[in-house]
Amino acid sequence: MSGGVEWALHCCVVLTSVHEPVPAARLAELHDVSPTYLAKQLQALSRAGLVHSTQGKSGGYALTRSPELITVLDVVDAVDGPSPAFVCTEIRRRGPMATPAEACTKPCPISRAMATAETARREALRAISIADLANDVVSDSGAGALNAVGAWLRTAGA
């Protein structure tokens with residue numbers, strides 16, 4: 001997974017702490033990341049329908065739906081795309097001991113193992129919502145953690 005997935009997930013989690021749009025520059029400042037870089041991740045989330053942007057003085061980004069309805073897999077697919085982590089290149093058909101194409105009637109054991117792992121990865125990511133992550137932040141950092149982030153995001157320091 002790309003680093004953009006991590007930034008996008010952090011943005012989604014902190015957006016649970018506010019009820020109004022947050023400027024991309026404010027999110028970038030909070031996370032100490034380049035505004036240009038973060039804007040790309042936010043645009044990917046927007047294209048996927050996970051956040052929407054509002055223009056104007058009080059504009060910014062907000063979640064499009066309840067954080068319980070946005071999964072980690074939704075964010076991963078938005079930022080990195082839905083392609084599997086492993087793509088078989090049929091190495092067994094190459095080299096001096098190549099297996100003839102007609103003998104390759106099913107995926108090789110490596111490809112099958114990776115497909116099984118990919119299915120498990122996607123199921124695990126689908127099982128975790130942004131709300132679950134936000135609850136874990138509260139559990140790990142205390143009840144006021146996200147409230148403090150939300151208050152900081154709402155201040156006019158951006």
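Reply: Start with the cysteines. The whole structure holds zero disulfides, a disulfide being two cysteine sulfur atoms within 2.5 Å. C104 is in none, and its nearest cysteine sulfur, in C108, lies 8.4 Å away. C108 has a closest cysteine sulfur too, that of C88, at 4.5 Å, which is too far for a bond. Both C104 and C108 are buried (under 20% relative accessible area, with a 1.4 Å probe and protein chains only; exposed is over 50%, partly exposed in between). The value is 14% for C104 and 13% for C108.

A word on the model. It is predicted: local features need pLDDT of at least 70 and side-chain atom pairs 80 or more, while totals for chains, interfaces and linings use all residues. Numbering runs from 1 along each chain as its sequence is written, and side-chain values use heavy atoms, without hydrogens and water.

Now the part to study: helix α4, residues 72–80. Helices here are DSSP runs (H or I, at least four residues; strands are E, at least two), numbered from the N terminus.

T71 is buried, at 13% relative accessible area. Leaving out residues up to four places away in sequence, T71 touches L125, R126, I128 and S129. Touching means contact, with heavy atoms within 4.5 Å.

Next, the helix itself. Which residues of α4 are buried? They are V72, L73, V75, V76, A78 and V79. They pack against four helices: α1, α3 (35–47), α5 (109–126) and α6 (130–141).

Take the partner α1, residues 3–15. Two packed helices are described by the angle between their axes and the distance between the axes. For α1 and α4, the angle is about 130 degrees and the axes are 9 Å apart. That makes α1 oblique to α4. The crossing of the two is right-handed.

Which residues meet there? From α1 come G4, V5, A8, L9 and C12. From α4 come V72, V75, V76, V79 and D80. Of these contact residues, eight are nonpolar, one is polar and one is charged.

Terms used
Axes fitted to C-alpha atoms, helices over the stretch in contact; angles between N-to-C directions. Parallel < 35°, antiparallel > 145°, perpendicular 65-115°, else oblique. Left-handed = near helix turned anticlockwise from the far one by under 90°. Nonpolar A, V, L, I, M, F, W, Y, C, P; charged D, E, K, R; others polar.
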